[in-house]
Amino acid sequence: MTIQLEGKKVQDQDQFMVPQTNAFGHDFRDYNNAQSERQKGVEKFYKTQHINQTYDFVKKMREDYIKLDKAKMSIWECCELLNDVVDDSDPDLDEPQIQHLLQSAEAIRKDYPNEDWLHLTALIHDLGKILVLPKFGGLPQWAVVGDTFPLGCAFDESNIHHKYFKENQDFNNPIYNTKNGIYNDFIGLENVMMSWGHDDYMYMVAKENGTTLPSAGLFIIRYHSFYPLHKNGAYKHLMNDEDEENLKWLHVFNKYDLYSKSKVHVNVEEAKPYYMSLIEKYFPAKLRW
């Protein structure tokens, strides 16, 4: 597959070998195997998330966090904070987030050595998970992690554990429960209210702090957990032409995001100088969070 980005063509390469199982020895994104306590916890998480992520809730979160008044720090300082975060919604990962970020970034760096923006995007894509920490609001996990989905229109059945949306107050709201809801066809995902979490928060932080990452990088940050779209093809009627182009890069990224969740650890101190140079290239020294 050849992908076009700002006049450049990139070959979708085959160097990265996709593993068959996750860090626990199970299939990736297996939400239906309820044999383990972790799997049961993941389903409980999605029930809580689907009930509480409403249009009004997300609007309130965005109004609060757009102020970016929680902290002022560098990208790398934020990376180090993730050592305190474990994602309860993820059936594939049970280790500090910094390892997952570096695993993804290093795998992409190997296959796409000339796309440094993509390496950095992989490193920072989950930084918004600091929302679970007290300094950043101490939000419950259902308001930080997990698959994302649009609000303001019907919940597509491709969403994981769709049955729990029936208890969401928006489910029976006639303004929101049609296919388009409050949106027009091809309105563009930028104009769609997504469920609140680390994706939207990190996108907000990057954009408001003046990052020079290309639009595809911001798209990956904001929609990498939007599995109903990039895995199942749902909600495409809301996308515009720019979204279609950026989705190609998200498909490239997703292979590394999902399948690099392994027990192969990256030496943080050895990798740090390279990523510090990218941070300096694409971000200010200190960001508002």
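Buried, in what follows, means under 20% relative accessible area, with exposed over 50% and partly exposed in between, using a 1.4 Å probe and protein chains only.

Hi everyone, a word on the source. This is a predicted model, where local features need pLDDT of at least 70, side-chain atom pairs count only at pLDDT 80 or more, and totals for chains, interfaces and linings use all residues. Residues are numbered from 1 along each chain as its sequence is written, and side-chain values use heavy atoms, leaving out hydrogens and water.

Back to the cysteines. The structure holds zero disulfides, meaning pairs of cysteine sulfur atoms within 2.5 Å. For cysteine 78, the nearest cysteine sulfur belongs to cysteine 79, 6.4 Å away.

Now the helices, which are DSSP runs of H or I with at least four residues, while strands are E runs of at least two, numbered from the N terminus. Helix H5, residues 116-124, has nine of its nine residues buried, including Trp117 and His119. Leu123 and Ile124 are among the residues that touch the most other members of the largest nonpolar core, which has 87 residues. Such a core is a set of buried Ala, Val, Leu, Ile, Met, Phe, Trp, Tyr and Cys residues joined through side-chain atoms within 4.5 Å. Leaving aside residues up to four places away in sequence, leucine 123 touches Trp76, Cys79 and Tyr275, among others; contact means heavy atoms within 4.5 Å.

Finally, helix H6, residues 198-208: nine of its eleven residues are buried, so the rest of the structure largely encloses it. Its cover includes H5 and strand E4. Thanks, all!
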